[in-house]
Amino acid sequence: MKLATWNVNSLTVRLPQVLDWLAANPVDVLALQELKLTDDKFPFDALAQAGYLAQCFGQKTYNGVALLSRASATDVVRNIPGFADDMARVISATIDDVRVIGAYFPNGQEPGSEKFEYKMSWLKGLRDWVRAELVQHPKLVLMGDYNITFDDADVWDPIGLKDTIHCTEEERYHLRALIALGLHDALRLFVQPAKNYSWWDYRDFGFRRNRGLRIDHILVSDALKPSVTTCVIDKTPRKNERPSDHAPVVLTLL
DNA sequence: ATGCCTCAGCTCCTGAGA
């Protein structure tokens, strides 16, 4: 079974690239973030022709998430139960006996800002809910755009970006707290090349210079960990003519 | 230096992203 996550930064703009990528990478599940469209504009037909069912949770202008799958998805849940939120950031479903959570974590903008405080409370809400989900669904994958780096190895300039957004100790504390629930950073289960990032700024030739961050992650539960055979960041779509600023992350389960 | 890209929208500028 293959699962992937990709922040597409507008599904309207990126749909052709998503279809191309799925044709070349026929994964079983693809979690999308930053759709930037409402459900009535979701391209169900084009994806169905490509062989994918879709569960979507859209929103005008910002945010918006979806789960694409070859098999049917059951028990679909939108956002975090118990955490009131007017932004469309999370969608979950059971697919092929695996509980899949696709999430677009808040950006946080700047430490100390109102948006940063929202990010912190959102992270706490997510953790409390995922803790309960793991009891109900031991085979669980939590993947998406986390907007948090684990440590300096995830940052192209750890000194220059120290304590800036995505790199603060508060954010990393919450990320480690998720891990402490019994989850594993799938990419780090394997030896990785240095400077292996999932996002690059559009400005200043960020991708060409590999000035990036690893902020898109796939976390797998204890029960799934023995089944993980590969986890890679696919930088190919970042080389497209009008790319998303994020690259997909792909997980293979036995 | 509060921008450099990119995207959406009450679109010819602004807010947000990260």
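Two strands count as paired if DSSP finds at least two bridges between them. Helices (H or I, at least four residues) and strands (E, at least two) are themselves DSSP runs, numbered from the N terminus. With that in hand, let's look at β6 and β7: they run antiparallel, and 6 bridges join them. The two strands form a hairpin with 2 residues between them, and Asp 96 in the turn has a positive phi of about 50°.

A quick word on what you're looking at: this is a predicted model, where local features need pLDDT of at least 70 and side-chain atom pairs count only at pLDDT 80 or more, while totals for chains, interfaces and linings use all residues. Residues are numbered from 1 along each chain as its sequence is written, and chains are lettered from A and ligands numbered from 1 in the order in which they are written.

Back to β6 (residues 90-95), which has another partner too: β5 (residues 74-78) pairs with β6 in the antiparallel sense over 3 bridges. Here are the two pairings side by side.

| Strands | Sense | Bridges | Residues facing each other |
|---|---|---|---|
| β5 and β6 | antiparallel | 3 bridges | Thr 74 and Thr 94 |
| β6 and β7 | antiparallel | 6 bridges | Ile 91 and Gly 102 |

Strand β6 is mostly covered, with 5 of its 6 residues buried. Buried here means that 20 or more other C-beta atoms lie within 10 Å of the residue's own (exposed is 12 or fewer, partly exposed is in between, and C-beta atoms are placed from the backbone).

Now for helix α3. Its 23 residues (114-136) reach 33 Å from first C-alpha to last, close to the 33 Å expected at 1.5 Å a residue; the expected span is 1.5 Å times one less than the number of residues. Which residues of α3 are buried? They are Lys 119, Trp 122, Leu 123, Leu 126, Val 130 and Glu 133. The buried residues of α3 pack against β7 (98-104), β8 (140-145) and α4 (169-179).

Zooming out, chain A has 4 helices and 14 strands. Its radius of gyration is 17 Å, close to the 18 Å that the globule rule gives for 254 residues, so chain A is as compact as a globular protein of that length. That radius is taken over C-alpha atoms, and the rule is 2.2 Å times the number of residues to the power 0.38. Along its principal axes, the C-alpha trace of chain A spans about 45 × 45 × 35 Å. Buried residues make up 43% of the 254 in chain A.

Key:
Two residues are in contact if their C-beta atoms, placed from the backbone, lie within 7 Å.
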